[in-house]
Amino acid sequence: MNKKIIVIYISKTGFTQQYAYDIAVDLHAEMVSWDRFDFDMIKQFDVVIFGSRIVAGQIDKINAIKFYVKDNPDIDFILYVTGAAPDTATKEIDKIWKENLTFMNETLPHFYLQSGLKYDQMNIIERNLVKAFAKFLKMKPHQKEETLKQAELMSDSFDHSSIEKTVPLIDYVKELTDSN
Ligand SMILES: Cc1cc2nc3c(=O)[nH]c(=O)nc-3n(C[C@H](O)[C@H](O)[C@H](O)COP(=O)(O)O)c2cc1C
């Protein structure tokens, strides 16, 4: 049986949307933005992949995502989140999972896909927040070399996204859909 798969993404500056596209093409899945999806139709899908972004350590819309996951035990849900932090920032990323995914004891399959920053597509409040955070990291005494480099990078727009980063998620979904 062919599984019906959909990627539902939340994206402001485009990174999470681009990853949704890359994933949907590879998996022959549908894709739709969060705002355009009619959630009454969620039961039509066997696999639902949510894509979201990190905002100040929080996964955007995680409370609503939790609701759909809990309410639909027959659907296989997978989550990916995009952020500016490098893949090597394992402490920071683990903290995000711990703080956001405790509702399922972190058993919701989840993937971190590094993206970047697009200042020109942020609103003024978001832009100032990120700039202030980068400045704070730089000014903090006894900061690690790696954090200082990250702060420097965050002072401007950058793009560290790449299609290769979707491979673990795609492999996971292929294994899941082949084995059922
Ligand atoms: C206000 C704001 C706060 C952010 N906070 C974080 C953060 O805590 N950790 C992180 O890794 N990235 C953070 N980012 C970067 C975004 O998560 C990243 O750019 C994301 O890919 C944006 O997704 P989008 O392009 O789909 O909107 C932040 C971005 C903004 C605008």
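This is a predicted model: local features need pLDDT of at least 70, side-chain atom pairs count only at pLDDT 80 or more; totals for chains, interfaces and linings use all residues.
**Asn 72**

I found 15 C-beta neighbours inside 10 Å, so I noted Asn 72 as partly exposed; a buried residue would need 20 or more, an exposed one 12 or fewer. Next I looked up where Asn 72 sits: the loop that runs between helix H2 (62-71) and strand E5 (76-83). Which residues does Asn 72 touch, leaving aside neighbours within four places in sequence? I wrote down Ile 42 and Lys 43. I also checked Asn 72 against Ser 155, which is 83 residues apart from Asn 72 along the chain, and got 41 Å between their C-alpha atoms.

**Domains**

I then turned to the domain assignment, which gives domain 1 as 5-118 + 159-179 and domain 2 as 119-156. Taken over C-alpha atoms, the two domain centres are separated by 25 Å. How many residues make the contact between the domains? I have six from domain 1 and seven from domain 2. On the domain 1 side, I logged three nonpolar, two polar and one charged residues.

**H1 and H6**

My last stop was a helix pair. I noted that a packed pair is described by the angle and the distance between the axes. For helix H1 (residues 15-27) and helix H6 (residues 167-179), the axes come within 11 Å and cross at roughly 35 degrees. Is this crossing left-handed or right-handed? I have H1 and H6 down as right-handed. From H1, the contact uses Ile 23, Asp 26 and Leu 27, and from H6, Leu 169, Ile 170 and Val 173. By class, I put that contact at five nonpolar, no polar and one charged residues.

Definitions and conventions:
Residues are numbered from 1 along each chain as its sequence is written. Helices (H or I, at least four residues) and strands (E, at least two) are DSSP runs, numbered from the N terminus. Two residues are in contact if their C-beta atoms, placed from the backbone, lie within 7 Å. Domain bounds come from an automatic or database domain assignment. Ala, Val, Leu, Ile, Met, Phe, Trp, Tyr, Cys and Pro count as nonpolar, Asp, Glu, Lys and Arg as charged, and the others, Gly among them, as polar. Axes are lines fitted to C-alpha atoms, for helices over the stretch in contact, and angles run from 0 to 180 degrees between N-to-C directions. A crossing is left-handed if the near helix is turned anticlockwise from the far one by less than a right angle, and right-handed if clockwise.
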